[in-house]
Amino acid sequence: MSAATHSPVVQMASGNGAGDPLPLGWEIKIDPQTGWPFFVDHNSRTTTWNDPRVPPEGPKENWEQKTKALLIRNL
């Protein structure tokens, strides 16, 4: 299996987020070996495979679980 067949990108903005600009100080580059996009944060001088325009899944799931629990309790 070649590296180019599996994307290391966990999430990329699509649909609603595709047209959103990157945060200030960020840019997208392409890994020349794999062809996959990665993100450069010039503010912290770090790189990531994760699109900074996409919120992390953890807190969202937790919020959804708490909301469902509250709704069930209030029925």
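**Exercise 1. Find which residues Ile-28 touches in this predicted model, leaving aside its neighbours within four places in sequence.**

Solution. Step 1: look for heavy atoms within 4.5 Å, which is the cut-off for a contact. Step 2: with those sequence neighbours set aside, the contacts of Ile-28 are Leu-22, Pro-37, Phe-38, Phe-39 and Arg-53. Ile-28 has 38%, so it is partly exposed.

**Exercise 2. Work out how strand 2 is joined to strand 1 and to strand 3.**

Solution. Step 1: take strand 1 (residues 26–30), which pairs with strand 2 in the antiparallel sense over five bridges. In this pairing, Lys-29 has Phe-38 as its bridge partner. Step 3: turn to strand 3 (residues 46–48). Its pairing with strand 2 is also antiparallel, over three bridges, and Val-40 stands opposite Thr-47. Four residues lie between strand 2 and strand 3, and Arg-45 in the turn has a positive phi of about 55°.

**Exercise 3. Decide whether strand 2 (residues 37–41) is enclosed or open.**

Solution. Step 1: recall that in a regular strand the side chains alternate between the two faces of the sheet. Step 2: sort the residues by side. Pro-37, Phe-39 and Asp-41 are on one side, and Phe-38 and Val-40 are on the other. Step 3: check burial, for which the limit is under 20% relative accessible area. Both sides are covered, as the residues on each are all buried. Step 4: conclude. Five of the five residues of strand 2 are buried, so the strand is largely enclosed by the rest of the structure.

**Exercise 4. Describe the aromatic pair and say which parts it ties together.**

Solution. Step 1: count the pairs; there is one aromatic pair. Step 2: describe its geometry. Phe-38 and Trp-49 lie 6.1 Å apart, centre to centre, with 75° between the planes, which is edge-to-face. Step 3: locate the partners. Phe-38 is in strand 2 and Trp-49 in the loop between strand 3 and helix 1 (57–73), so the pair ties together parts 11 residues apart in sequence. Phe-38 is buried at a relative accessible area of 19%, whereas Trp-49 is partly exposed at 31%.

Technical notes
Residues are numbered from 1 along each chain as its sequence is written. This is a predicted model: local features need pLDDT of at least 70, side-chain atom pairs count only at pLDDT 80 or more; totals for chains, interfaces and linings use all residues. Side-chain values use heavy atoms; hydrogens and water are left out. Buried means under 20% relative accessible area, exposed over 50%, partly exposed in between (1.4 Å probe, protein chains only). Helices (H or I, at least four residues) and strands (E, at least two) are DSSP runs, numbered from the N terminus. Two strands pair if DSSP finds at least two bridges between them. Rings of Phe, Tyr and Trp (its six-membered ring) pair if their centres lie within 6.5 Å; planes under 30 degrees apart count as stacked, over 60 as edge-to-face and the rest as tilted.
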